[in-house]
Amino acid sequence: MATSVAGEGHQSLNGIIFEHQTKKLTDLPTELLEHILCFPALKHVDICNVSCCCKRLHDVCHGRGKVWGHQYKLRWPRLQRFYRQNECCDWLKEYKTRHRVGIQIRRTVESISKRFFTEVRSVTQPCVGQVLGDSFAEIESLGMPEHFCEDELLFILNSDKRKSLTLKYYAKKILYFLRQQNILRSLKTFLEQPVEQQSAIEGAVLVDQYCNPLADVTVDTISAQLDEITEKVKKMLRIKNPSHPSLRIAQGDCFVVEDFELQRQVVCALNSVLYEQLQYKGNEFDYYNPLNSYIHQVLLRHTGIPISLSVLYMTLARKLGVQLEPVNFPNHFLLRWCQKPSGSEDIYDFVYIDAFGKGKQLTAKECEYLIGHQVTADYYSAISTMEVLLRMVGNLLNIGKRGEGNEKSYQLLRDSLDLYLTINPDNVQYLLLQARLYFHLGIWPEKVLDILQHIQALDPSQHGAVGYLVQHTLEHIQHKKHPVAPEVKRRSAPEHLEVRYSVGLIMKHKRSGYNCVIYGWDPKCTMSQEWITTMRVHQLSNGANQPFYNVLVQDGTCRYAAQGSTL
């Protein structure tokens, strides 16, 4: 810590004697000490040790100072967006909190596999959702900042790609769950806004985010892409009419073009850019693909269904000063464009725009030809943003119900039900569907009882279906409290003849290198297709068609290992 020279003096060549003074590190200016202690090679343990040396260094390493701020930013760079530039903060306290959250999150994630395999042996229809729900409750009970929890989960996911696949699998599940809860809160806040302040594109982004919580979808990124398209339309307008008022609209301005000819020029330029230049089109060949409903995928793939393309079209038109309104037309979502100066409600005073049909303009009668039958005037009315979202989520619900009963279709059904019932919490039909889905999957029995109680209060005529589900849900809860004895497996049984190893054997995993002890087995892989894909089981010589072992690993985690991967 100190640089000094012993002795009373030293004679130079000219005979003059200079006296040496002892120089210490602590004599340096504070700014220079901070600069030295911010050297990248120093870790938090080094800073703790330095601060214990003396009062001077302890004061330099104070919690709100540059040294701990540098340590925090160096270790967790993703968290910098949550702080203002040059913000005065107790960085030591933040460091300790983030470090503690990391330990708790990792401990929770590592415990999931053990709890899941316990669940597998105690119920006939095991589901990772139940275990994840319990784990999420544990994380919530920590009372820690959510961005700290998310950062630790991302740290696990971004670690060495070839290692800790089980840990990453469950970390991904929890991150999915955690982000969805945040998005639901954002959706509720959005719905509490005055109706005139609710933006259809913002609502569509929230729906997209909830169904794709691990994708990088934000209102800002979507708005930036829409602004790029708007600039292309303005460029087209400038060629046709250099003095058009829409060219003077700045981003974020609320301006309405009143003249119908000027409005027509905007619509023509929009159609030209969107459908000719950018080649947007309705997805007729893969209509029921859920990607058609996600706004970030519509912008990426330049294709969608009537409602998603209509939301895009309407938003772009409004950015250019043309007010279009959404129309909840049966089987084919449309936009309407008023052709009268005053606010008319006569259906024949509107032109109807088919965004799915490359912006084709239709009369009220031609709209009926589009669907092949007559409808009442009510179907031509403009609808609110909330009704747009209900229609959008309803489409996803129908796709989920059309699914093949695999984990992916169940997830879509669960996500779309969550969204629909957040927007319209008293819909008895979908409440009952949600209760049946949870009951079928064997998850959250207590929540099923709450849903059924709510249904009974809303519609007593549903007592038959409600009574049946209540009875069997209570039986499920009793079964969990008093589980049956686990199945006894014998290696001599015909279905277990390919099982080579016994319970209690200590093994080593070929690919991951960990040591483990066997405590159970299955003659074939019993995990979901998603798990099989994530764990790259298909790359093994016999894939999922071989014995799989429940193993307790030396780090305390429980894993599921293929016979071909152990030795």
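This is a predicted model: local features need pLDDT of at least 70, side-chain atom pairs count only at pLDDT 80 or more; totals for chains, interfaces and linings use all residues.
1. Let's start with a term: helices (H or I, at least four residues) and strands (E, at least two) are DSSP runs, numbered from the N terminus. Residues are numbered from 1 along each chain as its sequence is written, and side-chain values use heavy atoms, with hydrogens and water left out.

2. Now the chain as a whole. Of its 567 residues, 46% are buried, where buried means under 20% relative accessible area, exposed over 50%, and partly exposed in between (1.4 Å probe, protein chains only). The chain exposes about 30100 Å², and carbon and sulfur atoms supply 53% of that; such areas come from the Shrake-Rupley method with a 1.4 Å probe, and for residues only the protein chains shown count as cover. Among contacts with a separation of 6 or more, 59% are between residues 24 or more positions apart. A contact here means heavy atoms within 4.5 Å.

3. On to the holes. On a 1 Å grid over the protein atoms alone, a cavity is a set of points where a 1.4 Å probe fits but cannot get out, while a pocket is an open set with protein on both sides within 12 Å along at least five of seven lines; lining residues have an atom within 4 Å of a point. Grid points are joined across faces, edges and corners, and a volume is the space filled by probe spheres set on the points. How many cavities of 30 Å³ or more does the structure hold? There are 2.

4. The largest cavity contains about 230 Å³ of space. Its lining has 19 residues, and Leu-165, His-509, Arg-511, Met-535 and Tyr-560 are the ones nearest the centre. Which element gives the largest share of this lining? That's S14, with 4 residues. Helix H8 (165-191) and strand S14 (558-562) each supply at least two. By class, the lining of the largest cavity splits into 10 nonpolar, 5 polar and 4 charged residues. For the classes, Ala, Val, Leu, Ile, Met, Phe, Trp, Tyr, Cys and Pro count as nonpolar, Asp, Glu, Lys and Arg as charged, and the others, Gly among them, as polar.

5. The second largest cavity comes to about 40 Å³. Its lining includes Tyr-438, Phe-439, Thr-473 and His-476. Helix H17 (428-441), helix H18 (445-458) and helix H19 (463-481) each give two or more residues to that lining. There are 5 nonpolar and 3 polar residues in this lining, but no charged ones.

6. Strand S13 (residues 548-553) has 5 of its 6 residues buried, so it is largely enclosed by the rest of the structure. S13 pairs antiparallel with strand S12 (residues 515-522) over 6 bridges, and two strands pair if DSSP finds at least two bridges between them. In that pairing, Trp-521 has Tyr-549 of S13 as its bridge partner.

7. Asp-354 stands opposite Lys-360 in S10. In the hairpin of S9 and S10, with 5 residues between the strands, Lys-358 takes a positive phi near 60°.

8. Finally, where is Ile-183? This residue is in helix H8. Ile-183 counts as buried because its relative accessibility is 11%. Leaving out residues up to four places away in sequence, Ile-183 touches Leu-206, Gln-209, Tyr-210 and Pro-213. The C-alpha atoms of Ile-183 and Tyr-210 are 6.1 Å apart, with the two residues 27 apart along the chain.
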